[in-house]
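Keep the structure in view as you read.

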Amino acid sequence: MQKLQNYINGDLIAPKAQQYLDNYEPATGEVYSLIPDSDSEDVQLAVDAAKAAFPTWSNTPLEERMLIMMRIADGIEKRMDEFVAAESKDNGKPLKLARAVDIPRAVSNFRFYASALQHFASESHAMPGVGINYTLRQAIGVVGCISPWNLPIYLFSWKIAPALAMGNTVVAKPSEVTPYTAYLLSEVCIEAGLPKGVLNIVHGLGGKVGQAIVEHPEIKAISFTGGTETGKRIAATAAPMFKKLSLELGGKNPTVVFADCDFEETVKQVVTASFANQGEICLCGSRIFIERPLYDKFKEAFVERVKALKVGDPNDADSNLGAVVSKQHKEKILSYIQLAKEEGGTVLCGGVETQDFASDNLNTRCKNGYFIQPTVIEGLHYNCRTNQEEIFGPVVTLTPFDTEEEVLMMANSVKYGLASSVWTNDLKRAHRVAEKIEAGIVWINCWLLRDLRTPFGGVKASGVGREGGWEALRFFTEAKNVCIKQ
Ligand code: NAD
């Protein structure tokens with residue numbers, strides 16, 4: 001069986017302790033490769049390499065850095081089919097989604113930050129007749145990047161690219177659940193001529209490798225995307241060490257549908273916003289609030305569309321949903337469906353794993369995979385656990401509302417504040433609601449549309465700090481003010 005390797009100091013190497021973890025394919029439930037079960041010794045090697053590479057990389061001319069990063073983007077693009085297959089195989093998502101979203105976005109992340117680094121500007125402030133201040137934004141040093149399993153290479157590259165662009169050297173850890181595209185990225189970096197030690201990828205468990213990265217005194221900043229509980233642990237470790245922290249955490253996002261929306265388009269888009277990537281996108285809307293006069297009509301059309309979604313082998317071109325990421329995650333999602341029933345909810349469709357219903361589009365290859373039907377539930381109080389806790393799967397609730405004030409109260413009742421969408425043709429209301437929703441992003445009559453230059457991140461328990469555009473470039477620098485007297 002293939003053994004993936006760590007990428008340290010420019011080489012692909014085995015973990016020092018020679019221990020490996022099983023890598024499962026969620027669509028089949030079978031182990032198909034092994035990943036390094038690395039530990040703090042491997043992290044130390046990576047830090048040593050990153051430290052040694054820092055003086056040269058941070059002083060490399062911008063154009064040269066840009067060209068190397070462009071070559072990495074080209075390298076991913078050239079191996080598109082391999083990346084697409086690996087992202088889908090590791091995560092369970094349909095191949096066509098990996099081809100349309102994950103891999104093109106990883107290419108864009110490198111291209112975007114490669115070009116941004118050449119246009120990045122820092123500030124200067126004149127004090128007329130007295131002096132002038134200018135701001136130096138200098139690379140931090142060795143930084144840590146830790147990412148989750150839902151959009152594996154998309155989110156991994158979203159952190160690594162700005163860190164490298166600003167001249168930092170990186171110790172990075174992908175999720176142990178979806179390591180393969182990060183491994184392919186190591187190969188691409190070698191092919192692209194990235195100098196050794198500039199990027200180091202250490203595979204393994206969060207509690208071992210992740211924790212060792214966060215605790216390491218030579219790693220000066222941590223950019224983390226993952227669950228809120230993990231974020232809390234990371235903050236508890238890193239904050240007393242005065243590390244720079246960017247935490248992109250969980251969500252429980254509201255979708256707010258007003259009666260004056262474009263009906264057909266809204267139903268179609270809200271289905272996508274609910275179930276794309278099996279509902280395993282932190283930005284998916286999982287609580288759908290519908291203005292009461294439209295409630296029954298919306299429910300009927302929505303459920304009809306959801307029932308038509310095909311759950312199937314990720315390799316099949318007609319599968320809309322693939323497998324959820326792991327057995328444990330499947331069980332967690334099913335336990336929330338059970339909880340919803342106990343809390344008085346009515347399951348309008350779905351509610352079971354695919355093995356429990358007659359599915360003719362799941363072939364024998366997938367008979368032991370982790371598939372769950374897209375599930376729609378109504379009749380729950382906005383404040384119950386099902387409506388307050390992150391499920392992170394293909395499960396949504398429908399709730400009617402009567403007034404703008406009421407829907408804002410319900411939308412903002414959760415501890416999270418990552419994303420939201422509002423569906424209306426009333427321009428003034430759209431702006432009013434957008435201003436009052438507690439979330440880092442509000443989509444009006446759309447979902448997942450975003451210019452990479454915009455700030456990205458959450459409020460409340462969805463995180464601190466912002467990624468994207470200049471925000472990420474600034475995060476990966478230390479600002480120093482130089483003041484000169486005239
Ligand atoms: P997770 O928190 O379990 O793991 C994320 C990463 O952290 C993994 O690489 C893991 O190995 C590592 N990790 C675990 N324990 C650690 C520790 N003690 N120290 C350092 N690293 C540690 O999250 P997950 O299950 O992989 O991902 C799902 C979660 O991610 C969901 O809550 C989802 O909402 C969130 N997410 C958020 C965003 C966002 O932009 N806000 C994007 C995608 C996913």
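Tyr134 is partly exposed, at 33% relative accessibility (buried is under 20% relative accessible area, exposed over 50%, partly exposed in between; 1.4 Å probe, protein chains only). Tyr134 sits in strand β7. Together with Ile132, Leu136 and Ile484, Tyr134 forms a nonpolar patch of about 300 Å² accessible area on the surface. Strand β7, residues 131–139, gives the most to this patch, with three residues. Patch members have over 30% relative accessible area and no salt bridge, and nonpolar side chains (Val, Leu, Ile, Met, Phe, Trp, Tyr) are joined within 5 Å.

This is a predicted model, in which local features need pLDDT of at least 70 and side-chain atom pairs pLDDT 80 or more, while totals for chains, interfaces and linings use all residues. Residues are numbered from 1 along each chain as its sequence is written, and side-chain values use heavy atoms, without hydrogens and water.

Now the charges. The structure holds 25 salt bridges (a side-chain nitrogen of Lys or Arg within 4 Å of a carboxyl oxygen of Asp or Glu). One joins Arg111 and Asp74 at 2.8 Å, N to O. Arg111 lies in helix α4 and Asp74 in helix α2, so the pair ties together parts 37 residues apart in sequence. Helices (H or I, at least four residues) and strands (E, at least two) are DSSP runs, numbered from the N terminus.

Glu87, in helix α3, is buried yet has no salt bridge. Its nearest side chain of opposite charge, Lys93, is 4.6 Å away. The Glu87 side chain instead makes a polar contact with that of Thr181, at 2.8 Å (N or O atoms within 3.5 Å, one able to donate a hydrogen and the other to accept it; residues adjacent in sequence count only if both atoms are side-chain atoms).

Notes. Lys, Arg positive; Asp, Glu negative; His and termini not counted. Patch = residues over 30% accessible without salt bridge, like charges linked within 9 Å, V, L, I, M, F, W, Y side chains within 5 Å. Areas by Shrake-Rupley, 256 points an atom, 1.4 Å probe, with all protein chains shown as cover.
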